[in-house]
Amino acid sequence: MRSAFFIVLATLSQAQTLDLRLDRLLESGPGKYYAGVEVFSLDAKKILYKYNEDYLLMPASNMKVLTSALALLRLGPDYRFATRLVREPSGNIVLIGGGDPSLSGRGYPYGADSGPPLRALEIMVDHAVNAGLTRVDGDIVGDDRLYPWTPYPPSWTEDDMAREYGAPVSALTLNDNSISLIIKPGPEEGDLAQLSFSPALEYYAVDNRIVTVAKGGEARVRISKVQNTRQLLLWGTIPAGHTSFGESLPVDDPALFAANALYDLLTRRGVTITGKAVARHRSVHDDYDPGPSEELATRTSPPLIQLLQVTDKTSQNLHAELMLRAVGHIEDMATLFKEAGASAGDARVEDGSGLARNVMITPRLMIRILTHLYQSKYRDQWISLFPIGGEDGTLAHRMTSEIHAKTGTLSRAIALSGYIESKSRGWLAFSIIVNNYSAPPADVRKWTDKIAIVLAE
């Protein structure tokens, strides 16, 4: 009896020590901030610590944890997307998007080598040409009608939409719906800078006013898109001898971008085309009817689990948005939350990536989802999606390998949620969400890391 008493006493003392240490950390963080934390023991099945756990906070990319959970549970780890190349009775050649985020040169699974940006589409085109496609009496169509044409979720900012991480969402996604602009100095001082695109497509018209200046110093370049056009304005200076550098830019119409890429690849292979590259969209009020066609080539994606690994380890926004659309609607999130034991007031959801500024969740909800998935048949596959401390993804240079967690960063939000294999407490689920901080983001991240490291002890 005495030994049992001392075990209970030691356990209580350990819990009190953890409470005290976390209280002190949360009271002594950098600057001013608004934070919520919850820690749950997955072995003991009880809450170990909570602090503002029921407050609605902006999760930033921690929203991807919820989206990935929904996709994995509803679609399964082996689900694959399909992209089809078909010929319609009219003579049009149509590339039909199936919501696949992997139509690119990106390597799968996570960590695999990448290739040329149009590699996946080139394989489809080669198959069609080798099967006898030599002439197109019609247009080259990019068809993204599987999902309604609503490219930007609510409360994404104009600045987001001008950056690669805010690329528009489309059922026909090619090269992450972006194109890289490569800039290097001209041969002589006074020459305009030399420009190229990757992939090498004439999607944007460019007004280049970047001047090569004397050697030394940094390049000072500005890029602006003329509103409602596909014209880019570039100005500034680049020193002679400066190394080339790139800027990844979103395309405004992914279906048209894909049609242009398909047109280019076909003509390079000697296919005669009488029409032009066009996009085909549908509104939220229209039904989807692909119509009759002859299939020329089909490309299936890697399995869903590999796509989700890239989504979460690299925090890929477009992947997350496409996962949400593949499952159905934002309303499906509410069903998942209910299944996990959360209340309706624990979330306000507008997108799948967390880029939307009006998305709000509670740390309590995050713990419910983490616990729900830990107890599912997909436990090992699910945990494999998270960045590993000190090893890979967005945690490659942070913390240690006992920590498996998703990061999140916006201008007013820093978050860290996932699992910890604690040396003294077993497996833990945890969520730390910080909003409206006054300190530099790097200091806030170091502080959240300290909390996680204490939990790992």
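**Pockets and a cavity**

Author: Let us begin with the open spaces of this predicted model. The largest pocket has a volume of about 740 Å³.

Reader: How is empty space found in general?

Author: A probe the size of a water molecule is rolled over the atoms, and this shows where empty space is left.

Reader: Which residues lie nearest the centre of the largest pocket?

Author: They are Glu 158, Met 161, Ala 162, Lys 225 and Pro 250, out of 23 lining residues. Helix 4 (158–161), strand 10 (220–225) and strand 12 (245–250) each supply at least two residues of this lining. By class, the lining of the largest pocket has twelve nonpolar, five polar and six charged residues.

Reader: What is the volume of the second largest pocket, and how many residues line it?

Author: Its volume is about 410 Å³. The second largest pocket is lined by 17 residues, with Thr 150, Arg 325, Gly 328, His 329 and Ile 330 nearest its centre. Helix 7 (residues 317–327) gives the largest share of this lining, three residues. Eight nonpolar, four polar and five charged residues make up the lining of the second largest pocket.

Reader: How many cavities of 30 Å³ or more are counted?

Author: The count comes to one, and the largest cavity has a volume of about 30 Å³. Among the residues that line the largest cavity are Asp 144, Trp 149, Thr 150 and Arg 325. Thr 150 and Arg 325 also belong to the lining of the second largest pocket.

Note on methods:
Residues are numbered from 1 along each chain as its sequence is written. This is a predicted model: local features need pLDDT of at least 70, side-chain atom pairs count only at pLDDT 80 or more; totals for chains, interfaces and linings use all residues. Side-chain values use heavy atoms; hydrogens and water are left out. On a 1 Å grid over the protein atoms alone, a cavity is a set of points where a 1.4 Å probe fits but cannot get out, and a pocket is an open set with protein on both sides within 12 Å along at least five of seven lines; lining residues have an atom within 4 Å of a point. Grid points are joined across faces, edges and corners, and a volume is the space filled by probe spheres set on the points. Helices (H or I, at least four residues) and strands (E, at least two) are DSSP runs, numbered from the N terminus. Ala, Val, Leu, Ile, Met, Phe, Trp, Tyr, Cys and Pro count as nonpolar, Asp, Glu, Lys and Arg as charged, and the others, Gly among them, as polar.
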